[in-house]
Amino acid sequence: MERPVRVRFAPSPTGPLHIGGVRTALYNYLFARRHKGTMILRIEDTDSQRFVPGAEDYILESLKWCGIEIDEGVGVGGPHAPYRQSERREIYLKYALRLVDAGWAYYAFDTAEELDALRREAEARGEAFAYNYAVREKLATSLALPAEEVKARLDRGDQWVIRFRMPENQTVEMDDLIRGHVEVNTSTLDDKVLYKSADALPTYHLANIVDDHLMAISHVMRGTEYLSSAPKYNLLYEAFGWKPPIYLHLPPVMIESVLKDKETKQPILDENGNEQPIVRKLSKRWGDPSFEDLLQKGYLKEAIINYIALLGWAPKDTNEEFFSMDDLIRIFDENGINKSPSIFDTNKLTWFNAEYILSLIHISEPTRHA
């Protein structure tokens, strides 16, 4: 490793910590411990519309139940406090304005109504509206308006956002330790909002970049849904003149369920009257199992952690399936993380749990095979 290993688990307090989130936290923790690094907990609470009261406490308790120890961050403190993004808002504005001054970002004064009208016009032409190089100098932005008008709007308190000025037709490259080499052409990307005056808060795009840099994060291990955004984040690092972290985008955790009607929530049947199974990503919004749900159903935390560790990772040179937390710390190797989605199988978890219970009551040792 070129620099000290510092990883972060950065959940949003929008509900229970589901299994996919627990796995992300677990892999970060194992990676940090294996490389004698630091595990950081940061709460990304800038989305006020999705904020759920009490969710932060739930996250802290869930991590304790899992046996995931936090070295620095919310609930612990550290040299980079505060670790809640809502308490760091003045930091983000400073960096957003730095990008404006450097020509990497600009003010946009468009109202929501005006943007909705532009989207409808584009749809009427059979197109998708994108706020990018093709339109930013034709709209109410600091790139199109006279400097004196921009100043006047700012002085009188007009609402604005700061958007990143995405370069036109450039190839952005990045490497991921799991996914390999990734390239994206900037013409396919829009000018993301970085900061909003309406609530004096940044968007995720700016906040996670600034925080990861200021907290000296060396490796970012997160879900594969962020992979497509990573090149644009690398552009932000370039704009600031910072070295980006090393990325590891984890495969999704899927679950098999029944297709349901959005209105009635009843199963949708095929022409033969059978329920239609689907495989989808685990999600808090679907009410999928959380760590606490499984504990309340009688699953042992050791069995849960053991099973979750194997959802997307396999140890080398062994067919063993039963591992304590100490075992996992000792043998975890990021090269054992695969690219393919993993299926959360309740039956397999139940089997793991039964083996752990049997070993606890000395009826038998775990049979070491599925």
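This note goes through aromatic pairs and charges over rings in the structure above.

1. The model is predicted, so that local features need pLDDT of at least 70 and side-chain atom pairs count only at pLDDT 80 or more, while totals for chains, interfaces and linings use all residues. Residues are numbered from 1 along each chain as its sequence is written, and side-chain values use heavy atoms, with hydrogens and water left out.

2. The structure holds 20 aromatic pairs, where rings of Phe, Tyr and Trp (its six-membered ring) pair if their centres lie within 6.5 Å, and planes under 30 degrees apart count as stacked, over 60 as edge-to-face and the rest as tilted. One of them joins tyrosine 95 and phenylalanine 240, and because the ring centres are 5.8 Å apart and the planes stand at 80°, this pair is edge-to-face. Both tyrosine 95 and phenylalanine 240 are buried, a word that here means under 20% relative accessible area with a 1.4 Å probe and protein chains only.

3. Phenylalanine 322 and phenylalanine 352 form a tilted pair, because their ring centres lie 5.2 Å apart and their planes are at 50°. Phenylalanine 322 counts as buried at 6% relative accessibility, and phenylalanine 352 is buried with a relative accessible area of 1%. Both belong to one aromatic cluster, which is formed by Tyr307, Phe322, Phe344, Trp351, Phe352 and Tyr356.

4. Arginine 153 lies over the face of phenylalanine 109, at 5.2 Å from the ring centre, and arginine 163 lies over the face of tyrosine 131, at 3.7 Å from the ring centre. A charge sits over a ring if NZ of Lys or CZ of Arg is within 6 Å of the ring centre and within 35 degrees of the ring normal.

Notes:
Buried means under 20% relative accessible area, exposed over 50%, partly exposed in between (1.4 Å probe, protein chains only).
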